[in-house]
Amino acid sequence: MNDIQLEVSGGIATLKLDARGAAVNTVSPPWIEEMMSVFEALKVDATVRGVIIASAKPTFMAGADLKYILGRMADIDEAEGFAFSQRGTALHRLIETCGKPVVAVIEGPALGGGYELALACTRRIVADLPQAVVGLPEVHVGLLPGSGGTQRLPRLVGVERALEVLLQGRSYAPEAALELGLVDERVPAGAVLDAARRWIGSTPDPVRAWDRKGFALEQSDGLLKPPTAALFQQATGSLLAKYGCNYPAPVSILSCVFEGVQVPIEAGLRIESRHFARLIANPVSRNIIRTGFVNKGRAQAGARRPEGVPKATVRKLGILGAGMMGAGIAYAAARAGIEVVLLDTSMEAASKGVQYSAKLLSKETARGRRSEADAASILNRITPVVDYAALAEVDLVVEAVFEDTAVKAEVTRKAQAVIRPDVLFASNTSTLPISRLAEAFARPQHFIGLHFFSPVERMELVEVILGRRTEPAALAQALDFVAQIRKTPIVVNDARGFYTSRVFQTLIHEGMALLAEGVAPALIENAARQAGLPVGPLALLDEVSLALPLKIVRQAMAEDAAYVRPATADVLELMAERLGRGGRKTGQGFYEYPPEGSKRLWRGLGEHFPVRDRQPDVEEVKKRILYVQSIETARCLEEGVLTHPADADLGAVLGWAFPAWTGGTLSLIETVGIGVFVEECERLAACYGARFAPTRQLREMAHSGAGFSY
Ligand code: NAD
């Protein structure tokens with residue numbers, strides 16, 4: 001017995017899931033084999049009348065171990081994926097056909113494979129505890145429940161409800177779970193085992209409804225009845241509207257249910273395994289799991305933190321500048337229990353920064369997400385000030401004043417005069433080189449970039465930028481602070497635009513390049529959205545305001561002799577300066593914003609950027625928009641701005657919503673295949689310009705067959 005404790009008493013076998021040396025129970029091949037042998041034995045043990053499956057850990061079962069799945073994904077093909085799914089399916093089938101009533105007793109989360117196990121039991125009893133949630137979240141990792149979930153759930157609760165649970169991937173607390181029929185009984189905590197024994201004592205029929213002769217779903221008479229069948233058409237439409245064609249999992253789930261409920265369960269289970277196999281062999285699920293879960297988790301756990309540096313805790317934080325970013329950082333820190341001194345040039349400006357938190361907190365209390373007392377204590381932690389003396393006791397300073405080297409230098413010197421001599425100083429600059437800003441600070445080894453994203457309360461990424469002289473202990477301290485405020489860090493080296501701002505520029509400039517070439521604006525915007533971006537590059541430009549990229553171009557021209565002015569700067573100058581269309585803030589940009597109704601592309605665009613007769617294929621436009629970002633990322637890696645591929649991917653997906661299905665800018669290259677990507681980039685470079693030229697490193701990788709080392 002390894003991961004399962006077995007106890008038989010009074011004719012009832014109780015299995016307690018207890019994965020050795022692990023915090024949670026997860027589904028793994030060894031566990032499946034162990035459960036198989038336990039159930040083979042119980043099936044033929046005449047002294048056992050019924051079985052209870054419980055957990056010795058706080059979770060019932062968390063489903064598959066994503067790190068394990070990711071490890072297998074490197075080389076799994078459809079045949080292996082099918083066999084993998086069928087083995088779990090065989091276990092669940094053995095449980096439900098063992099001829100004895102089996103009860104799942106759920107006192108902690110039963111998610112994914114954990115809930116599928118519960119579905120294979122004759123009855124599900126849940127403890128009335130908020131943490132005892134059930135659900136099938138596989139859709140969120142680009143997969144589907146592959147051991148019977150898509151087949152048992154519709155047979156248990158009906159097609160419509162099952163689709164909702166499977167496609168939304170939510171967790172359901174006991175009350176909702178009971179209401180939806182996801183569990184059969186809800187009992188007070190501590191009474192679950194008794195309830196299970198009582199039910200087994202009532203000698204229930206252990207045969208599942210779908211294994212009885214003549215079973216038919218209410219929604220079917222062999223074939224699905226028209227109203228239910230029509231549901232699938234509607235659902236397909238809304239899934240396409242929501243995900244485009246980039247995410248295969250939701251549509252596979254629909255297919256599994258549609259095909260599976262019209263055949264006997266055994267055939268349905270094989271259909272499910274076939275769809276599962278296709279998904280697990282498809283890079284999209286690997287991309288989502290690798291970036292969105294595994295690498296994100298590693299970053300949060302301090303993957304890039306230098307070793308041997310004692311952990312630092314910020315008790316009091318000084319923020320210079322109470323504008324949009326300073327105010328947002330103050331809120332994030334106060335929410336994490338940190339005292340904040342928020343400094344600006346006037347008490348009015350500093351207090352306005354505090355008001356930002358007050359507004360967010362009052363929204364949270366109005367929605368019942370936070371108590372009044374809690375909100376008040378968070379707000380009390382933020383003190384608006386104008387006097388630098390208030391910074392005397394801070395453990396860290398974050399500077400968020402205007403994006404201007406001289407202004408930043410002035411506040412840096414003033415803060416330095418009062419802070420303790422070991423305090424870390426961080427700048428939230430989005431573009432100014434950190435090593436240059438550090439020149440205003442007497443201890444450049446204690447100077448670092450902490451680039452937050454707007455709005456701070458919603459954006460979880462922080463790009464940590466190392467100056468030339470930043471020391472490892474300073475990085476460790478900065479990462480401890482990022483963890484303290486529960487954000488996700490990436491670590492990059494100093495360069496113009498660092499990583500995120502630099503690659504983001506290529507996205508918006510490509511949008512303008514397409515426009516200037518005569519590509520229809522609607523085609524540009526729709527292609528970007530079809531590729532999976534939340535909005536098109538022209539809409540993005542309007543949001544960030546055209547003045548910002550224009551300023552970045554001009555600054556680079558002034559400071560960097562090697563910088564080549566992009567032709568698209570003409571588009572910015574024409575729009576923002578000659579036509580006065582500076583973006584949403586100015587009321588007009590590439591879009592017009594009628595006071596009533598929704599925004600629409602500006603009708604006058606055609607006059608300044610005539611649309612040419614022959615339009616490119618939408619796939620070509622999508623490719624340009626995505627590849628230009630990937631190739632710039634590859635340059636950042638080659639130049640050493642980025643040192644880890646995981647940082648590139650995480651920064652892209654979390655920083656500027658690069659499509660999650662790609663796994664990030666570098667994962668996209670792997671998804672396409674490095675060789676194919678290099679060839680395509682050569683073609684694009686020949687057609688549209690050197691910005692698409694593949695890097696030396698990529699060419700070498702294509703030649704040697706090497707991949708990125710994640
Ligand atoms: P903002 O204009 O909203 O706020 C700047 C604040 O700094 C203002 O309240 C201003 O009064 C204050 N300030 C100016 N000079 C000061 C001085 N000498 N002493 C004290 N306070 C002073 O700007 P923001 O959008 O919050 O940006 C702040 C910094 O964050 C910039 O470096 C910007 O590049 C960077 N940033 C901005 C974003 C964004 O999306 N807005 C994102 C990431 C980083």
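Predicted model: local features only at pLDDT ≥ 70, side-chain atom pairs only at ≥ 80, totals over all residues.

Reader: Why does aspartate 480 count as buried?

Author: Its relative accessible area is 8%. Buried means under 20%, exposed over 50%, and partly exposed in between (1.4 Å probe, protein chains only), so aspartate 480 is buried. Residues are numbered from 1 along each chain as its sequence is written, and side-chain values use heavy atoms, with hydrogens and water left out.

Reader: What makes the contact between arginine 305 and aspartate 480 a salt bridge?

Author: The N to O distance is 2.7 Å. A salt bridge needs a side-chain nitrogen of Lys or Arg within 4 Å of a carboxyl oxygen of Asp or Glu, so arginine 305 and aspartate 480 make one. Arginine 305 sits in the loop between α12 (283-300) and β12 (316-320), while aspartate 480 is in helix α18 (residues 472-484), 175 residues apart. Helices here are DSSP runs of H or I with at least four residues, strands are E runs of at least two, and both are numbered from the N terminus.

Reader: And why is arginine 305 called partly exposed?

Author: Arginine 305 comes out at 21% relative accessibility, so it counts as partly exposed.

Reader: How do you know that arginine 624 and glutamate 510 form a salt bridge?

Author: Their closest N and O atoms are 2.9 Å apart, so the pair passes. Arginine 624 belongs to helix α25 (residues 618-639) and glutamate 510 to helix α19 (residues 500-517), so the pair ties together parts 114 residues apart in sequence. Arginine 624 is buried at 2%, and glutamate 510 is buried at 1%. The whole structure has 47 salt bridges.

Reader: What makes phenylalanine 232 and phenylalanine 258 an edge-to-face pair?

Author: Rings of Phe, Tyr and Trp (its six-membered ring) pair if their centres lie within 6.5 Å; planes under 30 degrees apart are stacked, over 60 edge-to-face, and the rest tilted. Phenylalanine 232 and phenylalanine 258 have 5.0 Å centre to centre and 70 degrees between the planes, so edge-to-face it is.

Reader: Then why is the pair of phenylalanine 425 and phenylalanine 447 called stacked?

Author: Their ring centres are 5.3 Å apart and the planes of phenylalanine 425 and phenylalanine 447 meet at 20 degrees, so the pair is stacked. Phenylalanine 425 is buried at 0%, and phenylalanine 447 is buried at 1%.
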